[in-house]
Amino acid sequence: MTFNIYDFTELTRSIDDGLKAVMSPGWALFTELVLIGLVFLILYALIGLFLVYAERKVCAFIQNRLGPNRVGPVGIFQTIADLIKLLMKELIPIKNADKLLFNIAPFIVIIASFMAIAAIPFAKGLHAIDFNIGIFYVIAVSSLGVVGILLAGWSSNSKYSLIGAMRSGAQVISYELSVGLSLLTIVVFAGTMQLSGIIESQANGWWIFKGHIPAMVAFVVFLIASTAETNRGPFDLAEAESELTAGFHTEYSGIKFAFFFLAEFMNMFIVASMAVTIFLGGWMPLHFGTGNLFNHIMDFIPPLVWFFGKTFVVIYIMMWFKWTFPRLRIDQLLTLEWKYLLPINLFNILFVAFLTLMGWHF
Amino acid sequence: MENNLLKQHLEGLLPEAVFAENKQYTEVLVPSDKLHAFCERLKASPELQFDYLISLTAVDWTDHFMLVCHITSTAFRHVLVVKSRIDDKEKPVADTLSDVWKTAEFHEREVYDLFGIRFRNHPDLRRLFLDDDYGFPLRKDFTDETRMIVK
Amino acid sequence: MQEEIIKNIILGEEEDYLINVGPQHPSTHGVLRFEVSLQGETIKKVVPHCGYIHRGIEKMCERDTYPQIIHLTDRMDYLSAHMNNEAVCLCVEKAMEVEVPERVTHVRTMLDELTRIASHQLWWCAMGMDMGALTTFFYGLRDREHILDIFEESFGTRLIQSVNTPGGLMQDIHPGFQKRVKEFISYFRKKLPEYDQLLTDNVIFRERSEGIAPLSREDAIQYGVTGPSGRASGFSCDVRKSEPYGIYKKLNFKEILRTEGDTLARYKVRIGEMYESMNILEQLVDNIPEGDYTAKMKAVLRLPVGEFFQRVETSRGELGVYIVSDGNKTPYRVKFRAPNFSNLFVISKLAPGYKIADLIAISGSLDLVIPDIDR
């Protein structure tokens, strides 16, 4: 069993071979699924904890504050303490709520984000499933979360929650279009929907550099639309704490609230990693020209560092949005999508199709 | 506007108006049945233009209520105190001024809440601060043994 | 009849979607309840309900002596506590015909303007928060802290100073007062443009405030909307100009007037007033006259029989104090014409036709302080 931090294909194959040697193929597959599930659960929890901490530190930095600084060195264990607090809090049952839907709504939200993470390639050979329609899969699964939000708002039997859920439904369905179309721009360039294929096509340069202006436009549109799709500020109308107290999760407490909270952060991670995979070369290092010293140094940095580094840069940008902009109003939100982003996107995709047809891209 | 000139104008508007001693502002006492018409004329008169009601309140003088309005003109900046006596202590009623100055609607609700003076033709006369069955606390005979400290 | 009206208002029409904004709501800045009828997200009707923090201050005033009343007024509009104090003091001094030392009026005016800046800073924080820009809160509070430090150094209190007493001040200002004020002015002149960079010039903020809920000058006068909210509609209602008290007569300052009357205009008037207040402070800070910090007053204050009215410009509008005295040491009747009281009810005229998010922005731009409404 060889361990290579630049290519995980051999590692995963050797685990597969080892398992198949000791048990039947069916059991081997089952064991692999359990292993992957465990790994993802731990990863999910770790990323969630880290992102909550990062958001609080970034927000504090923007707001001239220190942020958490009491639990552990520079407050690093603050989120763990918060998690323990949330676990121990009472789950308040709501009278006249639809009990079944009320209880499964947080799970739907968290399962949707959990499913999407499966398709993300973290490094070469390091992803759970490499679909040949990876992009479709991610778009389809990530929009399932809104079902949970709608159910949460509806079943809480609270007017604020219902308004929040209605807003969220309108918002996610609208912005889904822009997310999909901006991703399609690169699909047209790359000629494949397989995520690993898209990354391979960026070996000689990231799409944001190779794809002329249309790729830049698509990237900006994707950033805006995906921020809206994850219900984060300045598009956090579904929560809108100054208008709807807490929007769709007003009535949730304890660990059920924590599920919504965690799912929001994981969705942010997922859209950021999609932006990285599609536009910024995924785990590919940054290259200029061919065969020079700079490229060699860049190659030396492991792909996992590249992937997470780029993802957190994108996440930082999304946090920056949230902590500087005021919130949009619902009609302005929909105007932005249907009157600006969607037409821009449609023209962009036509332009890209033309460019690809003429072979005018790098 | 000069105090005397103002008085002349006011006498022109309402001959039975009585002027009272007030060091600060011109003060006029109006019969309560003439109050509404007088205020309408105050606002409409081009020489006076009392268009802004600063405050409307009441005072409980144990044997009668006194409505007190402080009004001013945004154009000329002269201030007038209009008073109106309500003799009926049992069922005090006055005409509403809310159609003359919109802000009076809410000041009247407050007066109704705290003094129990009802206003005729008021569009929305409800208690503003207190419960419906609570007394009228700014009346001098109001007592609340549990919640009030009397010195 | 009465029951029917109440029933209609509480139940609304059948197809209305009624929500209660408040009394416990993050954006009402206190215990105020708006009963909002919605159609979709659009507001059809807003009915404000108050009284959740009614403490009967006017009734308590009938029980207390004049120096005691002053400390009750702190609890009305706590963000312009000093102006409220000053209003009662001026009214009592006028009634007793007391000559107040020049140092006192000078210092009082300076405290007025410092309080006005501090109040507008907190309003700016809260306005940003209402609009969803959470960072504004910390920028505003950072600068407000400097003013509160000045108060703390001189009087030992921060939010409400309680330093006024009929005839003057309870204690003299700290020797470092002038230096601290000068430092603050030079500091805040640098920091105030940051407010514009962060919020005023933001595209989303502009979109959400420009042309939203315009209030005409006539309506502002009809509803008695005073202070910055009234001046944004072109209603020249600054008592410092129309009935000057203190040493405002001798000062050179502008009354900030705008004509649009929308949310953005109300916002800009307050930003402009912060600049103007700094101008006033600059005129005053270098020439505080020497002298006593209080006039000689009797131990027990009795006002002559009569009625006295004093108007003062607080940071939210015109405060009127109406004292009826029967010659005793306690007043016969005290009425406070609270600025927020009149400013509140205009919301049921402004908000219909706009969205819920706009309601929050409008109530933020009116800058309501709830204890002042209920008293």
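Mentor: Start with a definition: two strands pair if DSSP finds at least two bridges between them. Keep in mind that this is a predicted model.

Trainee: In what sense do strand 1 and strand 2 of chain B pair?

Mentor: The general idea is that strands of a sheet pair through backbone hydrogen bonds, either parallel or antiparallel. Here, strand 1 of chain B and strand 2 (residues 26–30) of chain B are antiparallel, with three bridges between them. Take Phe19(B): its bridge partner in strand 2 of chain B is Val28(B).

Trainee: In what order do the five strands of the sheet in chain B stand?

Mentor: The order is 1-2-5-4-3. The sheet in chain B is open, and its pairing is mixed. Strand 1 (18–20) and strand 3 (52–60) of chain B are at the edges and have a single partner strand each, so one side of each has no neighbour in the sheet. From one strand to the next, the twist averages 25°.

Trainee: Which helix lies across strand 3 and strand 4 of chain B?

Mentor: That is helix 3 (residues 104–115) of chain B. Helix 3 runs at about 10° to strand 3 of chain B.

Trainee: Now two helices. At what angle do the axes of helix 4 and helix 5 of chain C cross?

Mentor: Two packed helices are described by the angle between their axes and the distance between the axes. For helix 4 (residues 81–96) and helix 5 (residues 102–131) of chain C, the axes cross at roughly 145° and come within 8 Å. On the helix 4 side, His82(C), Met83(C) and Glu86(C) take part. They meet Arg108(C), Leu111(C), Asp112(C) and Thr115(C) of helix 5. By class, this contact has two nonpolar, two polar and three charged residues.

Trainee: How many residues of chain C are in contact with chain A?

Mentor: 25 residues of chain C are in contact with 22 residues of chain A. Elements giving two or more residues to the chain C side are helix 5, helix 6 (135–155), helix 8 (203–209) and helix 15 (356–366). That side has twelve nonpolar, six polar and seven charged residues.

Trainee: Which residues touch the most other members of the largest nonpolar core?

Mentor: Ile186(A), Ala275(A) and Leu359(C) do, in a core of 234 residues. Helix 12 (residues 254–279) of chain A gives the largest share, 17 residues. Beyond its neighbours within four places in sequence, Ala275(A) has contacts that include Phe222(A), Leu223(A) and Val314(A).

Trainee: What pLDDT does chain C average?

Mentor: Where pLDDT is low, the predicted coordinates should not be read in detail. Chain C averages 85, and 96% of the residues score at least 70. For the complex, the predictor gives an ipTM of 0.86 and a pTM of 0.86.

Methods:
Residues are numbered from 1 along each chain as its sequence is written. Chains are lettered from A and ligands numbered from 1 in the order in which they are written. This is a predicted model: local features need pLDDT of at least 70, side-chain atom pairs count only at pLDDT 80 or more; totals for chains, interfaces and linings use all residues. Axes are lines fitted to C-alpha atoms, for helices over the stretch in contact, and angles run from 0 to 180 degrees between N-to-C directions. Helices (H or I, at least four residues) and strands (E, at least two) are DSSP runs, numbered from the N terminus. Two residues are in contact if their C-beta atoms, placed from the backbone, lie within 7 Å. Ala, Val, Leu, Ile, Met, Phe, Trp, Tyr, Cys and Pro count as nonpolar, Asp, Glu, Lys and Arg as charged, and the others, Gly among them, as polar. A nonpolar core is a set of buried Ala, Val, Leu, Ile, Met, Phe, Trp, Tyr and Cys residues joined through C-beta atoms within 7 Å. A residue is buried if 20 or more other C-beta atoms lie within 10 Å of its own, exposed if 12 or fewer, and partly exposed in between; C-beta atoms are placed from the backbone. pLDDT is the predictor's confidence in each residue, from 0 to 100.
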